Amino acid sequence: MSKFSLKINGNTQVVDVDDNTPMLWVLRDHLKLVGTKYGCGIAQCGACTVHLGDNAVRSCQIPVSSVGDQEITTIEGLSENGEHPVQQAWLEVDVPQCGYCQAGQIMSASALLKRNPSPSDAEIEAAMNGNICRCGTYTRIKKAIKTAATATENA
Amino acid sequence: MTTAKTKIGRRSFIKRSSLAGGGIMLSFNWLASCKMSPEEVSQLPEEWFKINGYLKIADNGQVTILSPNPEGGQNIKTSMPMIVADELDVDWKNVIVEQAPLDTNAFSFQFLGGSQSIRRGWEGLRMAGASAKAMLIAAAAKEWRVPSDEISTSAGILQHKASDRSATYGEMASAAATMKVPEEIQLKDIKDFTIIGTSQKNVDGHKIVTGQPLFGVDTFREGMLTAMIVHPPAFGLKLKSIDDSEAKKMPGIKDVFTIKVFNDGYEKAFFDTRTFNEVAVIVGNSTWEVMQAKKALKIECEPIESSTESRDRFGRKWEEHTPSGLESTTNHYAQMEALASNTATVKRKDGNPEAAFKNAERVIEATYTAPFLAHNCMEPMNFFADVTDEKAELIGPLQKPELTEQTLSARLGMPIENIDIQMTRLGGGYGRRSYAHWLVEAALISQKMKAPVKLVYSREDDMTDGIYRPSYRATYRAGVDKDNKLVAFHVRTGGIPQSPLHQNRFPAGTVENYLAEDWTIDSNLTVGSFRAPSSNFIACAEQSFLDEVAEAVGKDPIDFRLELLERAKNNPVGEENDYDPERYAGVLKLVKEKSGWENKEDGVSRGVAAYFCHNSYAAQVLDLKWENNKPIIDKVTCAVDCGIVVNPDAATNLAEGGIVDGIGNALYGEITFRDGVPDQNNFDTYRMIRMREAPKKIDVHFVESDVSPTGLGEPTFPPIFAAIANAMYKATGKRHYRQPFLKDRELLG
């Protein structure tokens, strides 16, 4: 067990956990930031996606000891109260069915739009390929990403 | 207006709290997670008045409506309260929705499955709103001393025009709560609906997109422990012993033991399936620590004996045979092939099929097979339990809470009154969460630990635990005469361990000489309901075969089906045909029009299919392009007849989901076995559909209807399997008989 000081959603959080503990479980079990979801544990489903700096990463594969002073953003920290254009687009398009994968989808989508504000269909498909939606909301996810891209352009 | 006697759902309307005059304060938990502006805080209601089991009205006019059924992504948590609100005549903006508790006295059908929530809830939900409105009117009539039939309502306002008086529902709520529940109430004419038929957003949308705790797996409690299970690695094995010496020493581990989910001699009810009745359990402080200890736990297993168990299907007994042995997919297919040409039970016979086939000009024959499928809900199986000697508190996602409560009561020997099951949003269900053995497991673990416990399955535990969609096979034969008329039809089908046959469905009733027969093969792999059970295979086989027959007789596949349906309408064969030919033809005609069937683009390959199941009709046209040996799906056009559509955009979303899910399972879905061990245990080996493989566009069209609504969770799922098979045939010239249609093991590419 070691103490780690982590920068999460703009705050510093100290946790005392095993070095190998994946960030997914640090977030969920130790910090009660449960918006980040467990789906597979092997970086195949994307439900646990968070931002490490500006990059979308699978938190189930990031040991807490590897984070250092990099900034972590989870779905809870993406905006104050759901104002992020991607979250707003998700509501406008009414994307979710069961909703379990959607935090991961939104984190992947918001990282994509940050580096590529107006992605093509192919670019969206490539960036979102690691996120599974078992309910099959893919056409709405794509529509919401385009809606968010337009909203950001016009802002 | 329709007058309905409230006694149909009477127990739903009995006021259960004593409300004499004052009303009761209820919790404000629903606000805890929202940030409110000072204006909003100043508008908070002072008091809530419970009018009936479904709703309460605040003094400021806000209405809280309880959504009775579990929400698993069908959006009923929005759509069911919309029905109440419409009959109540309130502004949807003033409605707050809460998940109802499990309460078999207040609600009659708290059940997720079979596309039944809206269909079976419809009348009760309308009456809940209408009877509350009647009580508000009665209260106003009493106060204003005017006849109640002179009082009108609109958007939460009561009005008596003659005396120019009006009041808000909030002002009248206290008095309404003391009114007698009416014996008869008037329901609205369909044309007077103001909320039903309008698109309203998911009431949990904001919580979902901001990552707030909504799911069972998000439950935390002070002093809560985390538990995981270890089950035998292969079907056909059971636990013999465990060696926990290493696991117990691991950091954060509290205990390691085994539990028996059901006691020996317990007669299991329909949804009590459990593959491995005895499992090892590891309990610790956190999920990651328990996951590490799982790796250190050594288990020894031994073969199961074959057995016969008496089971109860809602009062009807049946015997379930479980053979011993380690089963393999290769053997399953060989067994099905051997049995299918051997013996079967005749389920329906019209005319003289033997003679008709003998005299037929031509016989077309094809055989279809499909593998076991795992549900793969994105939220792995889990449940929270806090069990003491006196009571049991359970929180989590499940589809059949009423039935599971009875099972738990029997297992704990605890009266149902002492059991409290709270339903959380389901991170997917698709049938898997009907089999709530994990709830019983969580309760047993909590009881043993004398502490609150959250049981969580790893993805691998979830996928390798059984309760799969069965594996199936079907052989179809069609006899045509020299004029290319269909004169004989034969289906012989079966599965491991269940048959998918629906002998009275289309095309039964359309052919003079018809034979439907089936068979089953026992297995120690457990199976369970999977989105559109049995239809999810037989629709594909039947609709692929009809495509082949239409081609053989030189007819357009839609026209061919319409001709058969015309026969079923005008001069049906047999008495029991489980479909309405006009509604069935209706979706085919609509999809033909909306897809531009007559004007296909160059380079596009098209397939069509239609099916009726779970009380609703669906027809689909799928357009694809074949590129690099793969289908690129441009568009799916879908026509649905599910009666009145409550929430059109949400209904469209659900229909789209069924289509994408169906394409994924048709192209990639399978779980296979070698010596009882599943070959797939996570998403690196079990191929799920991803965004780039989904249709670029899905157009959903609903048949305009004033028929009471039927379900939508299932009906768009089965036909799409055949629509894509038929489109792929057009592209490649190759018929697809064996699912999954794309066998490449490409995973993320």
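Predicted model: local features only at pLDDT ≥ 70, side-chain atom pairs only at ≥ 80, totals over all residues.
What percentage of the 749 residues of chain B count as buried? The share is 53%.

**View 1. Chain B as a whole.**
Chain B has a secondary structure of 19 helices and 31 strands. Its radius of gyration is 28 Å, close to the 27 Å from the globule rule for 749 residues, so chain B is as compact as a globular protein of that length. Along the principal axes, the C-alpha atoms of chain B fill a box of roughly 80 × 70 × 50 Å. Among the contacts in chain B with a separation of 6 or more, 79% come from residues 24 or more positions apart.

**View 2. Where chain A meets chain B.**
Here 46 residues from chain A and 52 residues from chain B take part in the contact. On the side of chain A that touches chain B, the elements giving two or more residues are helix 1 (23–30), helix 2 (85–93), helix 3 (102–115) and helix 5 (138–154) of chain A. Helix 5 of chain A gives the most to this side, with five residues. Sorted by class, the side of chain A that touches chain B holds 21 nonpolar, 16 polar and nine charged residues.

**View 3. Helix 1 of chain A and its surroundings.**
Seven of the eight residues of helix 1 of chain A are buried, so this helix is largely enclosed by the rest of the structure. You can find the buried ones by name: Met23(A), Leu24(A), Trp25(A), Val26(A), Leu27(A), Arg28(A) and Asp29(A). They pack against strand 2, strand 3 (49–52) and strand 5 of chain A, together with helix 9 (287–296) of chain B. After helix 1 of chain A comes Lys32(A), whose phi is positive, near 60°.

**View 4. Strand 1 of chain A and its partners.**
Strand 1 (residues 2–8) and strand 2 (residues 11–17) of chain A pair in the antiparallel sense over seven bridges. Together they form a hairpin with two residues between the strands, and Asn9(A) in the turn has a positive phi of about 50°. To follow the pairing, look for Ile8(A), whose bridge partner in strand 2 of chain A is Asn11(A). Strand 1 of chain A also runs parallel to strand 5 (residues 71–73) of chain A, joined to it by two bridges. In that pairing, Ile8(A) stands opposite Ile72(A) of strand 5 of chain A.

Three strands of chain B make an open sheet in the order 6-7-8, with antiparallel pairing. Strand 6 (151–154) and strand 8 (165–168) of chain B are the edge strands, each pairing on one side only. From one strand to the next, the twist averages 20°. Strand 7 (residues 157–160) of chain B is joined to strand 8 of chain B by four bridges, and His160(B) stands opposite Arg165(B) in strand 8 of chain B. Helix 5 (residues 117–144) of chain B lies across strand 6, strand 7 and strand 8 of chain B, running at about 135° to strand 6 of chain B. Helix 6 (residues 169–176) of chain B lies across strand 7 and strand 8 of chain B, at about 80° to strand 8 of chain B.

**View 5. Asp59(B) in its loop.**
Asp59(B) sits in the loop between strand 3 (55–58) and strand 4 (63–67) of chain B. Is Asp59(B) buried or partly exposed? With 18 C-beta neighbours inside 10 Å, Asp59(B) counts as partly exposed. Not counting residues up to four places away in sequence, Asp59(B) touches Pro45(B), Glu46(B), Glu47(B), Gly170(B) and Ala173(B).

**View 6. Ser544(B) in a helix.**
Ser544(B) belongs to helix 15 (residues 535–552) of chain B. Ser544(B) is buried, with 26 other C-beta atoms within 10 Å. Setting aside neighbours within four places in sequence, Ser544(B) is in contact with Tyr368(B), Ala722(B), Ala725(B) and Asn726(B). Val636(B) lies 92 residues from Ser544(B) along the chain, and their C-alpha atoms are separated by 17 Å.

**View 7. An annotated stretch of chain B.**
An unreviewed UniProt entry carries the annotation "domain: Aldehyde oxidase/xanthine dehydrogenase a/b hammerhead" for residues 210–305 of chain B. Over residues 210–305 of chain B, the chain is 16% helix and 35% strand, and the end C-alpha atoms are 50 Å apart.

Technical notes. Residues numbered from 1 in each chain as written. Chains lettered and ligands numbered in written order. Contact = placed C-beta atoms within 7 Å. Nonpolar A, V, L, I, M, F, W, Y, C, P; charged D, E, K, R; others polar. UniProt positions renumbered as here; feature names shortened; annotations may be inferred. Pairing = 2+ DSSP bridges. Axes fitted to C-alpha atoms, helices over the stretch in contact; angles between N-to-C directions. Rg over C-alpha atoms; globule rule 2.2 N^0.38 Å. Buried ≥ 20, exposed ≤ 12 C-beta atoms within 10 Å, placed from the backbone.
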